[in-house]
Amino acid sequence: MVSTNLEDKTNITRLSRLLVEKGTEALRNTFDSINPPAGLPAVLNASKITLLRLKCKIINDAHWDLLFPPSGNPPDSKTFDSILLNILLWNICGLPSPAAGWNTMPPAMDRSPQANVTRIRLLRNEVYAHVSSIQVDEAIFENIWVKISQALVDLKIPQKEVDDLKTCCFGPEDEIYVDRLKDWFLTAERYNKMLVDVHVEQPVKRLPQVTELKHTLGKGKGGSRSKIKANISFASFVCDHLAKHTEAQHLVTLKEDRQRSVVLFNDIDKINSIYCDFKKENSGILTGILNGVFNRKSKKRKDKFKNLLALLEKEKLLEIVGSGTEYDKEMKEYLKYEVKNGELWYSLTQNYKIGQSGEPFSDARDRPQSWKWKESSKVHRQKFVKLVDYGREHPEEIKEINGVRVCFADEFCIGRGSDGTRVYVGLGNDGVERAVKRMRKDACSCLAEHEKQVLSEHNTSKSNYVVNYWFLDEKRDIEYLFLILDLCEETLEDFVDRSSLEYLVTIAPDIIKQVLKGLADLHRGSMPILHRDLKPSNILRNVQDNWLLADFGISRIMTEDPSTIRTNPKGTKDWRAVETYHSEGRSVHGKVRYKKETDVQVAGMVAFYIVTKGAHPFGAEADRLRNLLDDNAVDLDMVEDTAAKDLISWMLSHRPKDRPSAEEALNHPYLQPKGQQFEMLCTVGNEFEIKTRNAMSDVVRKLNSNPKDWRSLMRADILNYLATDSSTGRTINYTSSWADCLRLMRNVKQHWNDRPRPRPEVFYLVGNPQEYFLNLLPNLPVEVHRIVRTCNWRERNELKKFFGEGMFFILR
C-alpha cells in the first residue's frame, strides 16, 4: 500500500486543487446567484460610481476591462478570478459582514453566504501555511477537507464533484495547483488587505477635506444644490457627479497613485462642450462644481485654492498649460493644468491641509484627530503601543510625514545604517503600520532620490518580492530627508541568527526561491535593475512571512546595454561578486563591470548563509577575498543536501557566463516541486537519443558514465512488473544504463493508469510512480539537470520549461 508519508505529501495537492478549482467556482456561484448573468451589465453600470472609487485602489486595469470590456461585449462572470469576485461580493452585492467580521473564522453554525466566503479565504490561508513542507498529515487533512467541502457545498458546488477530487488519482501535473495556491495567496492577501480597508472604512481613502463648500449643480429650471459634507473630498465629489451622467462617464475617473488621489479628466474640452459653456444661463454640472470651489463672491475661498494650485505646481504634480478654451478668464488661469502625458489632473495631495499661506502643517497637533491603529506587526507591537500612548500625551513631539506619524526617538528606532541612517516605526493616519527611513541630506540625498526612482520603476513597484516605496520627503527638514516604506518584521540576518540549523535547512528553499523571484523581477525587461547590495541585512521578512528585497540606494537601472554596465566598485565587504574587484583584465579606468549574474553570485552566497546558519562559502573573513578571487569556495562541503549544494555551486561560478540567470536558477530541482522534477526526468527520457540509445549523444554518454547499475536498487519482482508492457504482455529488456532508467520512468508514467484490473500486489507496492522513483533515486533529478543544462538540449522546445527562461512573471 502507499505509505503514510506518501499520502501526507499528496494531501497538500488535493487541498490546493480543491481550493483553486472549486473555491473560485463557489465564489462565482455566489456572485451569479445575487447578480444573474443576464442582468450583469445593468448591475455593473448601476454600481459604476462605487467601482470608480475602487478603480486603481484595488481594481486594476485588467479587472476593469473585464467589468467594462473595451470591445463593447457584455461582461461575463466566468472571466472573473477569485480576487475580483471577492471585491464585487464585498462592495456591490450587499453582503453584510459576518457576525465575527471578515477576518475571523465564522462559528460552525453560521452557514450564510458571507460566512462561507470568509471561511474559504481563511481556510486557504491555513492550507498555505503547510505549503513549505509540501505535506499535511491525514488527521489535519481530514479536518481541513471537511471544513472546505462543507463551505463549497453550501455555495452550490455538487457534493459528488468534491468527493471525486478526494478519491481521484493525482498525476505529477496536478502539483501545479500547489504553486497556484501559493501565488493566489501572495497576490490575494495584498488585495484583501486593501479590500478590508476600503470595505470597512467607506469612503475610500480620501483627499484632504474641503469643508462645507456649496456647489450649484444647475442654475436654470430644475437646478439643484448640494452641500459637501466634511468627510467628502473635492475629487470624489467631482467624480461621483460626473459619473452619473452617461455622456461624461468615460471622460472622468478617480485614481489613486500611491499616496495621492486625483480626478482625471480625459478630455477637458469635451466636458466643456457638454457642460461648461459659461455663456449659457443653464451652465451644467461641472460649472456648478467649479463655481462652488472658486465661488467668485468669496475671495477667501478663491485665495485658498490659488495657494493649493501653487503648492501642487511647486511639488511638480502639475504644470500650467496655455489658453485655448472658452473658460472665463478668471477661472482659466487656475483651472487649466496638464501632466506630461497630456491628461488633465485636478489633485489634492492626500495628507496636506492647506492653510491661507498654502504651506502644509508639519506637526500632528495641527491636525487634531484620533489615533487609528490596524495592528499587524508582532515584532514591533510594543513600539506601536508606546508610539500611540506617547503621541496622545506629547503631540508636539510627533512629526507627520505625508500622513505618517513618527517620533524620532531611540525607543522607536528599529534599524541603523551607515552615515547616520535610521529607520523608525510610523503609523499612518489610516492606521496602517509603516517604516520611516531617516537619512542625512549631506550623505544620502543622491542615494535617497535614486532609491525612490528605482522603487518607482515597473520592475519593482509591481513585484511581490520587493519592499514597497510610498513617499520621499526632501523638503520638510534642513538636515534630514525621509523615505516611507512598508514595515517589515526583521532582516534575514536576524532571522538566521535566532533560528536553529535544522529549521533553516527545512525552510531554506522557500526563502531562496523568494529572493530569486525578486531578482528575476528586477532583471526582467528592456531596462533591468541591478541590486548591487544584496546581503542578509537587506532582505526583509514581512508580517505575512514573505521575504522582500530592500535598500536600493546603490542599485542601477541598465538603460543602455541591458547586459553589462561599468561603474565604480560598490557594495558591502564580503557580499560582492568576484568581477566587481579591481584585478587584471577586469578594471577599465577604475571602473568594474556589473551584470545581472553579478547579483546571482551574491544570491548564492546568501543561499549558503541560510543553509549553514550564517557561514560564508569562501571561508573565514581573513581569507575570504583571496578565496573568492581564486575561485576557492572552501566551505562548500558544509552543505549536506546534494540539490542545494549543486544549485549554490552553480550560482557561485567564477565566470559570470557560467552562472544561471535568476529565472534559470528558479528552475533548479532544489526549488521545484516533486511533480516538476519527475516530469523533467520523464521528458528527458522521451527524447529520441534516449529511445534509440544513441552513444554519440553527449547527454547519453554523460548519463551512462555512472557505472552503478540502477536495477540493483529495485526489487526484482517490481522491476519485472514495470518492464512488462501491460497491453501486449511483452517484457522489455532495460539495460544498466541510466538512459534506460529514464526511458523506463517515462513508460511507467505514460501507461501506469492503463494497467488492467485486478491489479497485483506489486502495483500497490509501487503506489505512486513519482513518489516511488524519487524516493528510490533522490539525487537523479539533480544529476540529470546538471548534465542537460550544459548542452544544447536545454534549448529544445519540450525541455525549455525545465531549463530555459520565461517561466516566471511579476505577480499583480
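This is a predicted model: local features need pLDDT of at least 70, side-chain atom pairs count only at pLDDT 80 or more; totals for chains, interfaces and linings use all residues.
Q: What is the handedness of the crossing of H24 and H31, and which H31 residues make the contact?
A: The crossing of these two helices is left-handed. On the H24 side, the contact uses Gln-677, Met-680, Leu-681 and Val-684. Facing them from H31 are Leu-780, Pro-781, Val-784, His-785 and Val-788.

Q: How many residues in the contact of H24 with H31 are nonpolar?
A: No charged residues turn up in the contact of H24 with H31. There are 2 polar ones, and the nonpolar count is 7.

Q: How do H6 and H7 run relative to each other?
A: Helix H6 spans residues 113-128 and helix H7 spans residues 138-154; their axes come within 10 Å and cross at roughly 150°. Anything over 145 degrees falls in one class, so H6 and H7 are roughly antiparallel.

Q: Which residues of H7 does H6 meet?
A: From H6, the residues taking part are Asn-116, Arg-119, Ile-120, Leu-123, Glu-126 and Val-127. Their partners in H7 are Ile-144, Lys-147, Ile-148, Ala-151, Leu-152 and Asp-154.

Q: How many residues in the contact of H6 with H7 are charged?
A: The crossing of H6 and H7 is left-handed. Its contact has 7 nonpolar residues and 1 polar one, and the charged ones number 4.

Q: Where does Ile-58 sit, and is Ile-58 buried or exposed?
A: Look in the loop between helix H3 (48-54) and helix H4 (61-67) for Ile-58. Its relative accessible area is 1%, and the cut-off is under 20%, so Ile-58 is buried.

Q: How far apart in space are Ile-58 and Ile-83?
A: Along the sequence, Ile-58 and Ile-83 are 25 residues apart. In space, going C-alpha to C-alpha, the separation is 9.4 Å.

Q: How many disulfides does the whole structure have?
A: Cys-93 also counts as buried, at 12% relative accessibility. Searching the whole structure for disulfides gives a count of 0.

Note on methods:
Residues are numbered from 1 along each chain as its sequence is written. Side-chain values use heavy atoms; hydrogens and water are left out. Axes are lines fitted to C-alpha atoms, for helices over the stretch in contact, and angles run from 0 to 180 degrees between N-to-C directions. Helices (H or I, at least four residues) and strands (E, at least two) are DSSP runs, numbered from the N terminus. Angles under 35 degrees count as roughly parallel, over 145 as roughly antiparallel, 65 to 115 as roughly perpendicular and the rest as oblique. A crossing is left-handed if the near helix is turned anticlockwise from the far one by less than a right angle, and right-handed if clockwise. Contact means heavy atoms within 4.5 Å. Ala, Val, Leu, Ile, Met, Phe, Trp, Tyr, Cys and Pro count as nonpolar, Asp, Glu, Lys and Arg as charged, and the others, Gly among them, as polar. A disulfide is a pair of cysteine sulfur atoms within 2.5 Å. Buried means under 20% relative accessible area, exposed over 50%, partly exposed in between (1.4 Å probe, protein chains only).
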